[in-house]
Amino acid sequence: MNIYIIRHGETSWNKEFRVQGRSDIPLTKTGIEQAQKTAEAFKNQGIFFDHVYTSPLSRAKQTAKIISGLSENNIKSDERLIEFAFGEIEGATQQERETNPKFAGFKNFFISPKDYRPLPGGETFVEVLERTKNFWENEIKPLGTSEYADNKAEKNILITTHGGTLQSLLMYVDKRPLERYWEISFPNCAVNLVTRINGKLNLEWTSKIFY
């Protein structure tokens, strides 16, 4: 089983370096093109998807539809794949994060995850790690127990999600400690491959782009 986990394409808030989180921002024209070029790369390799999962936010759903070529009815939206909730800091620009004293602790989100304390309405690292663990164990792992045998390489799964949540999904596989949460960088539409062979998940490669 091949599991392709992809960050969504570019949004206007990505370009503006705003805290995006649960805010439902659609893809830009560039983001759509990134997804189209990624779709073309999969097609050229003869890769098509048996199951497609996406975060419910529109930027991830758009990306899933473009890359898979499937209609929304054939794509499963899953709350466990949604981005971190950031609460009161949602939408803040870099300048606002640096000048508003209320946002001073947000820097720990990237530089010291163990010391990060979300603002009201925000989500902790532990909460995100728990929901992505639940997704692996209760959604993906059962696929290998019926017609989706682990050793069938032609069974391809697509997951479209967000930068923060993607880190959490991969940490379930590579067992990184929390202090190494941001060890991998994901540009928009970066592709990561996890395989499942004889019941074992393996991180084969990370952060490939096709545009």
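Over the ring of which residue does the charged end of Lys-175 sit, and how far is it from the ring centre?

Analyst: The model is a predicted one. The ring in question belongs to Tyr-172, and the charged end of Lys-175 is placed over it, 4.5 Å from the ring centre. A related arrangement occurs elsewhere, where the charged end of Arg-18 sits over the ring of Trp-13 at 5.8 Å from its centre.

Tyr-172 also has an aromatic partner. The ring centres of Trp-136 and Tyr-172 are 5.9 Å apart and the ring planes meet at 15°, so this pair is stacked. Because Trp-136 belongs to helix H6 and Tyr-172 to helix H7, the pair ties together parts that are 36 residues apart in sequence. Tyr-172 has a relative accessibility of 14%, and it therefore counts as buried, the limit being under 20%. Trp-136 is likewise buried, with a relative accessible area of 0%.

Leaving aside residues up to four places away in sequence, Ile-140 touches Met-1, Ile-3, Tyr-53, Phe-135, Ile-157, Ile-159 and Arg-196.

Side chains of opposite charge can pair when their charged atoms come close. The side chains of Glu-139 and Lys-76 form a salt bridge, at 3.0 Å from N to O. This pair joins distant parts of the chain, with Glu-139 in helix H6 and Lys-76 in strand S3, 63 residues apart. Glu-139 is buried at 14% relative accessibility, whereas Lys-76 is partly exposed at 41%. Both residues belong to a network of salt bridges that also links Asp-78 and Arg-80.

Across the whole structure, a search finds 12 salt bridges. One of them joins Arg-22 to Glu-123, with the closest N and O atoms 3.1 Å apart. Arg-22 is in the loop between helix H1 (12–15) and helix H2 (29–44), and Glu-123 is in the loop between helix H5 (108–111) and helix H6 (125–140), so the pair ties together parts that are 101 residues apart in sequence. Here Arg-22 is partly exposed at 32% relative accessibility, while Glu-123 is buried at 9%.

The search of the whole structure finds 24 aromatic pairs. In one of these, the rings of Tyr-181 and Trp-182 have centres 5.0 Å apart and planes at 70°, so the pair is edge-to-face. Tyr-181 is buried, with a relative accessible area of 0%, but Trp-182 is partly exposed at 26%.

To return to the request, Tyr-172 has the charged end of Lys-175 over its ring and forms a stacked pair with Trp-136.

How values were computed:
Residues numbered from 1 in each chain as written. Predicted model: local features only at pLDDT ≥ 70, side-chain atom pairs only at ≥ 80, totals over all residues. Heavy atoms only, no water. Salt bridge = Lys/Arg side-chain N within 4 Å of Asp/Glu carboxyl O. Helix = DSSP H or I, 4+ residues; strand = E, 2+ residues; numbered from the N terminus. Buried < 20%, exposed > 50% of the residue type's maximum accessible area, 1.4 Å probe, protein only. Contact = heavy atoms within 4.5 Å. Phe/Tyr/Trp six-rings, centres within 6.5 Å; stacked < 30°, edge-to-face > 60°. Lys NZ or Arg CZ within 6 Å of the ring centre and 35° of its normal.
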